[in-house]
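Please open the model in your viewer and keep the selection tool at hand.

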Amino acid sequence: MKFLSSNYPLHELQAVRCAMALALITAAGLATGAFRGMTRLDLRPVIVRSLLLGAGSAFFYLSLAAMSLADATAIYFALPLIVAALSGFLIKENVRFWRWLAAIIGFCGVLVTVRPGSTLFEPAAMLTLTATFLYACGNTFTRRISPAVHPIIIAFCAGIGFLTIALALALVFGTGRFASSGHPSLVFLTRPWVMPTLRDWGLLAGFGIATAAGFFTYAQAYRLAPASFVAPFEYSAMIWAVLFGFLVFGDVPGANTITGSAIIIGAGLLLGWYEARQHRRQLALQPTR
């Protein structure tokens, strides 16, 4: 998405890749019969989750037009900590002291990465923070989805939510009448629709396949385990963000990014250690046959 952001608008890239992903998910749903009885299910948490994640995706990719992959990913790493904190408000999970401590430490890491008040502060960082909060809300809502809702249905609704937001943005900005030449994120948002080249159609097709797989596996992970347990595994994204950022764009993470990431990841690992210890205690307290 970052690679294509210099030539295409956000709404076009989102619409094309989500339409391709939705076609694959629909085919899988029809082939497996996952859609049978769909209208009888309570899909309200699924719909809310889909719209929150769709909005979060738009904000995150807008930030990528002006930020390096490593910087944006470092801020995004606050997600597990926000999920842990929000789980008490949104789904009534018990949020203990260690979760709050990890969230506070992680927020300090975000401040180190973002550098508010300094001359190096990038306004697009606020877009990433907004995206992270929306992602966290969406992921937390996943735990409210009934086990009767098939993962393919969750992925299908996610595709609909993402596509709806992309098309809404296209209706407003697709003609280019609000086109801007200012901040890269604003240019990415307001650029008019452009016909992709053959090579870029290929990139978007691959992106659509990856999106379909991501919709399915992401939802399944958060359904099978507590959100506060699953979220720390997302830290592996930093490896790919640094690697792809260097290989594709020549970006080298700065000292603030490395330090902030270390603080955030450390807080996440602290949270993971605490959750694992709590899980072992619960297993020990269960009666044996």
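The tour below moves stop by stop, with something to select at each one.

**Before you start**

This is a predicted model, in which local features need pLDDT of at least 70 and side-chain atom pairs count only at pLDDT 80 or more, while totals for chains, interfaces and linings use all residues. Residues are numbered from 1 along each chain as its sequence is written, and side-chain values use heavy atoms, with hydrogens and water left out.

**Stop 1: the whole chain**

Show the protein chain as a cartoon and colour it by secondary structure. You will find 12 helices and zero strands. Helices here are DSSP runs (H or I, at least four residues) and strands likewise (E, at least two), numbered from the N terminus. Now switch to a surface view: of the 289 residues, 49% count as buried. Buried means under 20% relative accessible area, exposed means over 50%, and partly exposed lies in between, using a 1.4 Å probe and protein chains only. A contact means heavy atoms within 4.5 Å.

**Stop 2: helices α2 and α3**

Select residues 44-64 for α2 and residues 69-76 for α3. Their axes come within 9 Å and cross at roughly 145°. The axes are lines fitted to C-alpha atoms, for helices over the stretch in contact, and the angles run from 0 to 180 degrees between N-to-C directions. Which residues meet here? On the α2 side they are F60, S63 and L64, and on the α3 side L69, A72 and Y76. By class, this contact has five nonpolar residues, one polar and no charged ones. Ala, Val, Leu, Ile, Met, Phe, Trp, Tyr, Cys and Pro count as nonpolar, Asp, Glu, Lys and Arg as charged, and the others, Gly among them, as polar.

**Stop 3: the largest pocket**

Rolling a probe the size of a water molecule over the atoms shows where empty space is left. About 1,300 Å³ of space lies in the largest pocket. To centre your view, select R17, F60, Y61, F207 and A210, the closest to the pocket centre of the 33 residues that line it. A pocket, found on a 1 Å grid over the protein atoms alone with a 1.4 Å probe, is an open set of points with protein on both sides within 12 Å along at least five of seven lines; lining residues have an atom within 4 Å of a point. Grid points are joined across faces, edges and corners, and the volume is the space filled by probe spheres set on the points.

Which helix gives the largest share of the lining? Helix α9 does, with eight residues. At least two lining residues each come from α2, α3, α7 (151-173), α9 (198-224) and α11 (237-249). By class, the lining has 24 nonpolar, five polar and four charged residues.

**Stop 4**

The whole structure holds four aromatic pairs. Rings of Phe, Tyr and Trp (its six-membered ring) pair if their centres lie within 6.5 Å; planes under 30 degrees apart count as stacked, over 60 as edge-to-face and the rest as tilted.

Begin with F60 and Y61, whose ring centres are 5.9 Å apart with planes at 70°, so this pair is edge-to-face. F60 counts as buried at 12% relative accessibility, and Y61 counts as buried at 14%. Then pick Y61 and F207: the centres are 6.5 Å apart and the planes stand at 85°, so this pair is edge-to-face. The link spans distant parts of the chain, from Y61 in helix α2 to F207 in helix α9, 146 residues apart. F207 is buried, as is Y61.

**Stop 5: a few distances to draw**

Select G33, in the loop between α1 (10-32) and α2. G33 is buried, with a relative accessible area of 17%, and its C-alpha atom is separated by 9.8 Å from that of I152, 119 residues away along the chain.

Finish at V252, in the loop between α11 and α12 (255-285). V252 counts as exposed at 63% relative accessibility. Draw a line from V252 to S68: they are 8.8 Å apart, C-alpha to C-alpha, and 184 residues apart in sequence.
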